[in-house]
Amino acid sequence: MTNGLKKKSPVSNADVKSYTKVNNLRHIERRKAPDLQAHYHPAGLNGVTKPYVQSRSNHVTMHELGHANSMNRTRKALGGIGAKSKFGAILASQKATMGIGGLVGAYAATSDNEKVRKYAPAAVALASVPLLHEEAKATLSPAKHLFKTRGAKVAGKFLSRMAPAYGTYVAAAATGVGATSWAKHIKEKAIKIRDTKHKLLHGE
């Protein structure tokens, strides 16, 4: 996640090093890349053997390291299950839930079953929760560290720089729910027209 802004980062190299040290993330390599392409690449996915983050700005790097910290904690909670496997990486990064809500919502919204259609928007909204939660954790963890080490001013600047990016995820989730609700509306309209034609043809 990134905001792609070109202003000077409120986070210093020392802040990044401090965060990695405190959270045992010093083994994660840092590679330069445009902030719009920022991402954390865990070992076990897409042929990655050594984890790394790619970004340009220090505040974006801190966020990506926040993802690494979150994933490490999740893997630890899993008791090391699949810690170095593709399955473990997918599970820890919560990617298993991404996209499922959209597929379920699309199916449910166009179902002939009224009860199934009723819960279509809720299914999409629910599936968005893990991603929104993960993105929030990845920003709040570095923010707490900055608050402890640099004070409220720096932590506040960091949060303000990351807020627009988080807003894009919220907007995407809302768009998904809205699109599903519209599909549900169109389906129900089609059913109503179908039923009306049936009554007219059969004189009901």
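Modeller: Let's start with Thr-20, which has its place in helix H1. This is a predicted model, in which local features need pLDDT of at least 70, side-chain atom pairs count only at pLDDT 80 or more, and totals for chains, interfaces and linings use all residues.

Biologist: Let's turn to helix pairs. How are H1 and H2 oriented to each other, and how do you know?

Modeller: Two packed helices are described by the angle between their axes and the distance between the axes. Axes are lines fitted to C-alpha atoms, for helices over the stretch in contact, and angles run from 0 to 180 degrees between N-to-C directions. For H1 (residues 13-22) and H2 (residues 58-77), the axes come within 10 Å and cross at roughly 5°. Under 35 degrees counts as roughly parallel, over 145 as roughly antiparallel, 65 to 115 as roughly perpendicular, and the rest as oblique. H1 and H2 are therefore roughly parallel. The contact involves Asn-13, Asp-15, Val-16, Tyr-19 and Thr-20 of H1, together with Asn-58, Thr-61, Met-62, Leu-65, Gly-66 and Asn-69 of H2.

Biologist: What classes make up the contact of H1 with H2?

Modeller: It has four nonpolar, six polar and one charged residues. Nonpolar covers Ala, Val, Leu, Ile, Met, Phe, Trp, Tyr, Cys and Pro, charged covers Asp, Glu, Lys and Arg, and the others, Gly among them, are polar.

Biologist: How do H2 and H7 lie relative to each other?

Modeller: The axes of H2 and H7 (residues 152-202) come within 10 Å and cross at roughly 80°. That value makes H2 and H7 roughly perpendicular. His-59, Met-62 and His-63 of H2 meet Phe-158, Arg-161 and Met-162 of H7, a set of three nonpolar, two polar and one charged.

Biologist: Why are H4 and H6 called roughly antiparallel?

Modeller: The axes of H4 (residues 100-109) and H6 come within 8 Å and cross at roughly 180°, and H4 and H6 are therefore roughly antiparallel. Gly-101, Val-104, Gly-105, Ala-108 and Ala-109 of H4 face Ala-120, Ala-123, Val-124 and Ala-127 of H6. By class, this contact has seven nonpolar, two polar and no charged residues.

Biologist: Back to single residues. Is Tyr-40 buried or exposed?

Modeller: At 7% relative accessibility, Tyr-40 counts as buried. Tyr-40 sits in strand E2 (residues 39-41), and beyond four places in sequence it touches residues including Ile-28, Tyr-52, Glu-64 and Met-71.

Biologist: And Phe-147, buried or exposed?

Modeller: Its relative accessible area is 53%, so Phe-147 is exposed. Phe-147 belongs to H6 (residues 120-149), and leaving aside neighbours within four places, it is in contact with Ala-152 and Ala-155.

Biologist: What makes Arg-31 a charge over a ring?

Modeller: NZ of Lys or CZ of Arg must be within 6 Å of the ring centre and within 35 degrees of the ring normal. The charged end of Arg-31 sits over the ring of Tyr-52, 3.7 Å from its centre.

Biologist: One last thing: which residue other than glycine has a positive phi near 55°?

Modeller: That is Asn-24, in the loop between H1 and strand E1 (29-32). At 58% relative accessibility, Asn-24 counts as exposed.

Methods: Residues numbered from 1 in each chain as written. Heavy atoms only, no water. Helix = DSSP H or I, 4+ residues; strand = E, 2+ residues; numbered from the N terminus. Contact = heavy atoms within 4.5 Å. Buried < 20%, exposed > 50% of the residue type's maximum accessible area, 1.4 Å probe, protein only.
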